[in-house]
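My entries follow the model shown here.

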Amino acid sequence: MTEEPEDRSAPASDRVVAASPVISVMVIVPDADAAVAWYRTALGATELWNLGGVAGLEIGGAPFLLHQVNPENPTETSPDRVGITSTRIEVFIDDPDTFIERAVAAGAVAGAAMEDHRVPWGTHRQGGFVDPFGHNWSVGDTSPLGPFPR
């Protein structure tokens with residue numbers, strides 16, 4: 001793998017260099033302004049920055065990116081335009097029931113009902129919803145993103 005040279009055009013104080021690999025999710029939406037407003041209201045997201053059409057948001061410290069559909073790039077479109085998504089966004093939060101209820105009250109469509117799942121690291125509660133832009137969200141109380149066995 002070839003490393004890209006660091007962009008030194010920005011002042012050093014403005015550059016953020018990842019100490020280790022970072023994976024982010026970028027959700028593609030038909031209207032970035034409407035999506036930012038919905039995620040802020042429905043999911044309690046905080047806007048980190050907004051370039052108009054592209055924004056950085058976070059939910060409880062978990063960052064994600066949002067990008068408006070670009071008609072010149074047909075390989076990236078929003079699920080509501082094609083009627084299907086191959087990605088599920090998962091969020092783990094202390095009170096998944098209230099998180100889902102808030103999203104549904106703001107216009108999301110209820111998905112999988114909240115259910116207890118028995119997994120090797122204990123009982124895990126999870127349910128879900130589909131946001132107004134076609135993205136499928138699973139909401140759980142215990143993250144499997146850690147070493148196992150614990």
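Which residues are buried in helix α3 (residues 96-105)? I found Pro96, Phe99, Ile100 and Ala103 buried, where buried means under 20% relative accessible area and exposed over 50%, with partly exposed in between (1.4 Å probe, protein chains only). Before going on I note that this is a predicted model, in which local features need pLDDT of at least 70, side-chain atom pairs count only at pLDDT 80 or more, and totals for chains, interfaces and linings use all residues. Residues are numbered from 1 along each chain as its sequence is written, and side-chain values use heavy atoms, leaving out hydrogens and water.

**Helix α3.** Helices (H or I, at least four residues) and strands (E, at least two) are DSSP runs, numbered from the N terminus. Viewed down the axis of α3, its buried residues fall within an arc of 95°, so they line one face of the helix; the arc is that of the directions from the helix axis to the C-beta atoms. On the other side of α3, I noted Glu101 and Ala105 as exposed. After α3 comes Gly107, with a positive phi near 115°.

**Sheet.** I then traced an open sheet of four strands, ordered β1-β4-β3-β2, with mixed pairing; two strands pair if DSSP finds at least two bridges between them. β1 (26-29) and β2 (46-50) stand at the edges with a single partner strand each, so one side of each has no neighbour in the sheet. β1 pairs with strand β4 (residues 62-68) in the parallel sense, over four bridges. I located Val27 opposite Leu66 in β4.
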